[in-house]
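Please examine the structure shown below together with its sequence. The paragraphs that follow lead from one residue to the wider architecture.

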Amino acid sequence: MNYDLLALVLLIVGCGLIVAEIFLPSGGMISVMCVIAFLGSGWCAYKAWWETSPAYWWTYVGAVIVLIPTVIISLFRVLSNTPLGDRVLLAAPDPSEVTPYREEEAHLSQLIGKQGRTLTLLTPGGLVEVEGERLHCFSDGMVIEPQTPVEVVAVRGTRVMVRRVDPDARPADTLDELASAEEPPPSGDSSRLDFDVPQG
């Protein structure tokens, strides 16, 4: 038996089975045959060169170690740049396909902190108008009457979450100004204190 030729033939068959595994769904059967082909090639190479030509044997081992990864990497690189590869290798989905309404959510997120008025009774869902836009909204569990001032506090999908605004409440900046105005002015230099030292 010509083990030299058989080792090379089985090695080529194994590489061909790697390519077939990519294109043909086999439930792992092609992978099993591929492993058997490589094992058979190694056994034939051992019988042919181990005792008579050790240099050929180690050359064969090195070639197998380099050849198998090279075939796999080259195959995927070629497929990724061809129309056939687009059918075999599924491309990653576009972010807009994974997250629907992405642009609308980004737009609604810019309205967080803005104030508007309810157009319908929120029970808790309804309609609100913010900066001239009619939006679907919902409250934080409270019933809100129409024409009530509200503030956008969050975005859930394509709806905004609103909260009633107290018209009598003053903004935080105004409260800070009032607090600073009510502080008494400093009297004199507080760093210098005068004490009456009793004369002995």
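Is tryptophan 43 buried or exposed, or does it fall in between? Tryptophan 43 has a relative accessible area of 48%, so it counts as partly exposed; the limit for an exposed residue is over 50%. This value, like the others here, is computed from a predicted model.

The ring of tryptophan 43 has a partner in tyrosine 3. A pair of aromatic rings is described by the distance of the centres and the angle of the planes. For tyrosine 3 and tryptophan 43 the centres are 5.6 Å apart and the planes stand at 80°, which makes the pair edge-to-face, because planes over 60 degrees apart are classed in that way. Tyrosine 3 belongs to helix H1 (residues 3-23), whereas tryptophan 43 belongs to helix H2 (residues 29-49); the pair therefore ties together parts that are 40 residues apart in sequence. Tyrosine 3 is itself partly exposed, at a relative accessible area of 21%, and the limit for a buried residue is under 20%.

A further aromatic pair joins tryptophan 50 and tryptophan 57. Their rings are also edge-to-face, with 5.9 Å from centre to centre and 90° between the planes. In total, the protein has nine aromatic pairs.

The wider architecture can now be considered. The protein contains seven helices and five strands. Along the sequence these elements follow the pattern α-α-α-α-α-α-β-β-β-β-β-α. Of the 200 residues in the protein, 24% are buried. The accessible surface comes to about 14500 Å², and carbon and sulfur atoms contribute 60% of this area. Among contacts with a separation of 6 or more, 44% involve residues 24 or more positions apart.

Finally, the confidence of the prediction should be noted. The mean pLDDT of the protein is 78, and 72% of its residues reach 70 or more. Over residues 171-175 the pLDDT stays under 50, and the model has one contact beyond four places in sequence for this stretch. Residues 189-195 also have a pLDDT below 50, and the model shows zero contacts for them beyond near neighbours in sequence.

Methods. Residues numbered from 1 in each chain as written. Predicted model: local features only at pLDDT ≥ 70, side-chain atom pairs only at ≥ 80, totals over all residues. Heavy atoms only, no water. Helix = DSSP H or I, 4+ residues; strand = E, 2+ residues; numbered from the N terminus. Buried < 20%, exposed > 50% of the residue type's maximum accessible area, 1.4 Å probe, protein only. Contact = heavy atoms within 4.5 Å. Areas by Shrake-Rupley, 256 points an atom, 1.4 Å probe, with all protein chains shown as cover. pLDDT = per-residue confidence, 0-100. Phe/Tyr/Trp six-rings, centres within 6.5 Å; stacked < 30°, edge-to-face > 60°.
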